[in-house]
Amino acid sequence: MSDPTLLVLASLAEGDKHGYAMMEDIHHFAGVRLGPGTLYGAITRLEQRGWIRAVKSTEDRRQPYTLTVDGRRHLEEQLSDWNQIVRTGLKRLKHA
Amino acid sequence: MKKLARWLTRFYPRWWRARYGCEFEALIEDSTLTVLDLFGVVRSALEMRMKTTPSPHIVSLASRDIPHGHELESSVEMPQPDGSTMLVRNFCREIDLGDSYVTLNHWSRGAQPAQTVLVFGRKGEVDGDFGTDKTEMLVLGPDGTIQRTEQTVKTWLKYDAIRDGLRDRYRNGMQAGLTPDEIFQRIRSEN
């Protein structure tokens, strides 16, 4: 799973984060290092689709984001699809 | 690093810089960039340049039932090509009196003076999906002037059903705890 938008959603499922914290978290749990351009491309798309939104912050420039209800639902659907693919793939490998 | 951050942000279109520029520069300053990251920024900036301006942002929205009709009150931030936003406020009241109706529309766009339009319509013959109404429209100008227009208009009856459906979806979404933006995005993705 290396789709940057899904990685961002998965990172925000744990709690609100700003860009740098997302980059660190994604590197930690997925082993993928998203560059700033890729990360903000994903943030822009996700915000325009209404799957994440900016939250008020005490920090001046670092803007935290949060998952919306629709974003959480989309992530759940995507992960469920992936889960199905993984389970089918593993089952077929066992029988091969 | 600050200079590099500012230089890289300039690749992005103005609307994008207005929304994300400051936080993006902060991220660049915090990060250790590789050559691949620089290419990533340029690619992402080109992608954003090919996009149209972002969606409107619904600041507030309220819909109420009133005797023989309903009211809708909204304020929406409309993105402008230069990256700024224009606040559009609107108040609409519709009253259905059976064989006739009255609508009141009051709105303002940014710093422009507010405009008010009052329509009295008498429902005419229905032919298929359309009705023919005789209407009188009063445009109440901010300078106290009144423009009066009488005309026979063809109305699309399906529009009422679509509008009622949208209003119900907004109300259900609000009751479910969604923000107006989330409801708007949901409706947009469903249509």
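Which exposed residues does the face of α1(B) turned away from its buried side carry? I started my notes with that helix. The model is predicted, which I kept in mind throughout.

**Entry 1: helix α1 of chain B**

I looked at the outward side first. The face of α1(B) turned away from the buried side carries B:Lys3 and B:Trp7, both exposed. I then listed the buried residues of α1(B): B:Ala5, B:Leu8 and B:Thr9. Viewed down the helix axis, these buried residues fall within an arc of 100°, so they line one face of α1(B). I also checked what lies over them. The cover includes α2 and α3 of chain B.

**Entry 2: chain B as a whole**

I counted the elements of chain B next. There are five helices and eight strands. Reading from the N terminus, I get α-α-α-β-β-β-β-β-β-β-β-α-α. Chain B has 191 residues, and 15% of them are buried. I then took the contacts in chain B with a separation of 6 or more. Of these, 35% join residues 24 or more positions apart.

Which elements supply the largest nonpolar core? I found 31 residues in this core. Those with the most contacts inside it are A:Val8, A:Leu9, A:Leu12, A:Leu39, A:Ile43, A:Leu46 and A:Ile52. Both chains contribute. From chain A, α1 (4–12), α2 (19–30), α3 (36–48) and β2 (65–67) each supply at least two residues of the core. The most comes from α2(B), which gives seven residues.

A:Leu46 is then in contact with A:Thr5, A:Val8, A:Leu9, A:Trp51, A:Ile52 and A:Gly71. A:Val8, A:Leu9 and A:Ile52 are also listed among the core residues with the most contacts.

**Entry 3: α3(A) against α2(B)**

How do the axes of α3(A) and α2(B) cross? They come within 11 Å and cross at roughly 145°. I noted the crossing as right-handed. On α3(A), the contact is made by A:Pro36, A:Tyr40 and A:Thr44. On α2(B), B:Trp16, B:Tyr20, B:Phe24, B:Leu27 and B:Ile28 make it. I sorted these residues by class. Seven are nonpolar, one is polar and none is charged.

**Entry 4: the contact between the chains**

I then took the whole contact of chain A with chain B. It uses 18 residues from chain A and 25 residues from chain B. On the chain A side, α2, α3 and α4 (69–95) each supply at least two residues. The largest share of that side is seven residues, from α3(A). By class, the chain A side divides into four nonpolar, 10 polar and four charged residues.

**Entry 5: B:Arg89**

Is B:Arg89 buried or partly exposed? I located B:Arg89 in strand β3 (residues 85–96) of chain B. B:Arg89 has 16 C-beta neighbours inside 10 Å, so I logged this residue as partly exposed. Buried would need 20 or more. I set aside the neighbours of B:Arg89 within four places in sequence. The contacts of B:Arg89 are then B:Ser75, B:Trp107 and B:Ser108. I checked one of these pairs further. B:Arg89 and B:Ser108 are 19 residues apart in sequence, with their C-alpha atoms 5.3 Å apart in space.

Notes: Residues are numbered from 1 along each chain as its sequence is written. Chains are lettered from A and ligands numbered from 1 in the order in which they are written. This is a predicted model: local features need pLDDT of at least 70, side-chain atom pairs count only at pLDDT 80 or more; totals for chains, interfaces and linings use all residues. A nonpolar core is a set of buried Ala, Val, Leu, Ile, Met, Phe, Trp, Tyr and Cys residues joined through C-beta atoms within 7 Å. A residue is buried if 20 or more other C-beta atoms lie within 10 Å of its own, exposed if 12 or fewer, and partly exposed in between; C-beta atoms are placed from the backbone. Helices (H or I, at least four residues) and strands (E, at least two) are DSSP runs, numbered from the N terminus. Two residues are in contact if their C-beta atoms, placed from the backbone, lie within 7 Å. Axes are lines fitted to C-alpha atoms, for helices over the stretch in contact, and angles run from 0 to 180 degrees between N-to-C directions. A crossing is left-handed if the near helix is turned anticlockwise from the far one by less than a right angle, and right-handed if clockwise. Ala, Val, Leu, Ile, Met, Phe, Trp, Tyr, Cys and Pro count as nonpolar, Asp, Glu, Lys and Arg as charged, and the others, Gly among them, as polar. The arc is that of the directions from the helix axis to the C-beta atoms.
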